[in-house]
Amino acid sequence: TVGGRGPSKKRPDTRSGQVLGGRYRIERQLAKGGMGRVYLATQIPLERPVAIKVLNPDFQKTDPQFVRRFCLEASISARLSHPNVITIHDYGEAENGDLFMAMEFLDGHPLSRVIARHAPFPPERVAHIAIQICRGLREAHGRGVIHRDLKPGNVMIVTSGEDPDFVKVLDFGLVKLFQREGEMEGFGHLDPEGGADGAPELTRAGTLLGSPRYMSPEQIRGDDLDPRTDIYSLGIILYQMAAGRAPFSGKTSVDVIYKHMNHEVPPLTGMDCPPPLESIIMKCLEKN
């Protein structure tokens, strides 16, 4: 995330054994980041393992709209239903006021780690993973939702049956409704000046949200976004799987952002990337 960060304060984690919302017992921490921490938990009535994302409480102190935006975005994410999209079971506010989201627990690895260990991938593997990401995005886009933070760290690779590369797209934490008027299936009425059910636009003004290595030029410019911004990010992921590196890198985030805006995408010369696949990747990465 560039900009819009809340205060960064290190604090000891003492949640193990706690029960959130009277129904989720925290077992252990799985991961942490700027937005919060993810825990393995047990859903007490069902004895089902779940992943619990607890958001950093500092954001509620610095952003008066944070709670409202979280509830809107969580409700949108929870209504997405597709095998290649993580399932959101529940969301709410803990007894101490912390916001949390309960998701299906995935036993796998983020695509970022798989790329670091094994890329460049054979073309067949690139296509197999990419098609599943596309199916997950098609579900979201068909419901009027764009991801806005698609990157390998938000794609989980799990084993499902005989498929060791089954995809789950996660963390629609920066989701945005892109249909602006009329009815949208599954989300009620949209006010032309607001979000779902007439809610006002809750994206923070003056902030650049996303991951610079995977951001589209229009997202960098702060333009109104539509599903094509996710297609650009998908192109970066495809390039990285095929080449073992992202098309643009730099010493700072500003360097990377500048290249997204002004540099041509380096060709995949010398890579095991058939011309039809390279053509798809380059089409995804067109600046216009």
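Helices (H or I, at least four residues) and strands (E, at least two) are DSSP runs, numbered from the N terminus. The structure is a predicted model, in which local features need pLDDT of at least 70, side-chain atom pairs count only at pLDDT 80 or more, and totals for chains, interfaces and linings use all residues. Residues are numbered from 1 along each chain as its sequence is written, and side-chain values use heavy atoms, with hydrogens and water left out.

Helix α1 spans residues 58-62 and contains F59. F59 has a relative accessible area of 7%. This residue is therefore buried (under 20% relative accessible area; exposed is over 50%, partly exposed in between; 1.4 Å probe, protein chains only). M35 lies 24 residues from F59 in sequence. In space, the two are 8.3 Å apart, C-alpha to C-alpha.

Helix α7 covers residues 253-262. Its buried residues are V256, I257 and H260. Seen down the axis of α7, these fall within an arc of 100 degrees, so they line one face of the helix. The arc is that of the directions from the helix axis to the C-beta atoms. The cover over these buried residues includes α5 (217-221) and α6 (228-243).

The whole structure was searched for cavities. A cavity is a set of points, on a 1 Å grid over the protein atoms alone, where a 1.4 Å probe fits but cannot get out. Grid points are joined across faces, edges and corners, and a volume is the space filled by probe spheres set on the points. The search finds 2 cavities of 30 Å³ or more.

How values were computed:
1 Å grid on protein atoms, 1.4 Å probe; cavity = no way out; pocket = protein on both sides within 12 Å on 5 of 7 lines; lining within 4 Å. Contact = heavy atoms within 4.5 Å.
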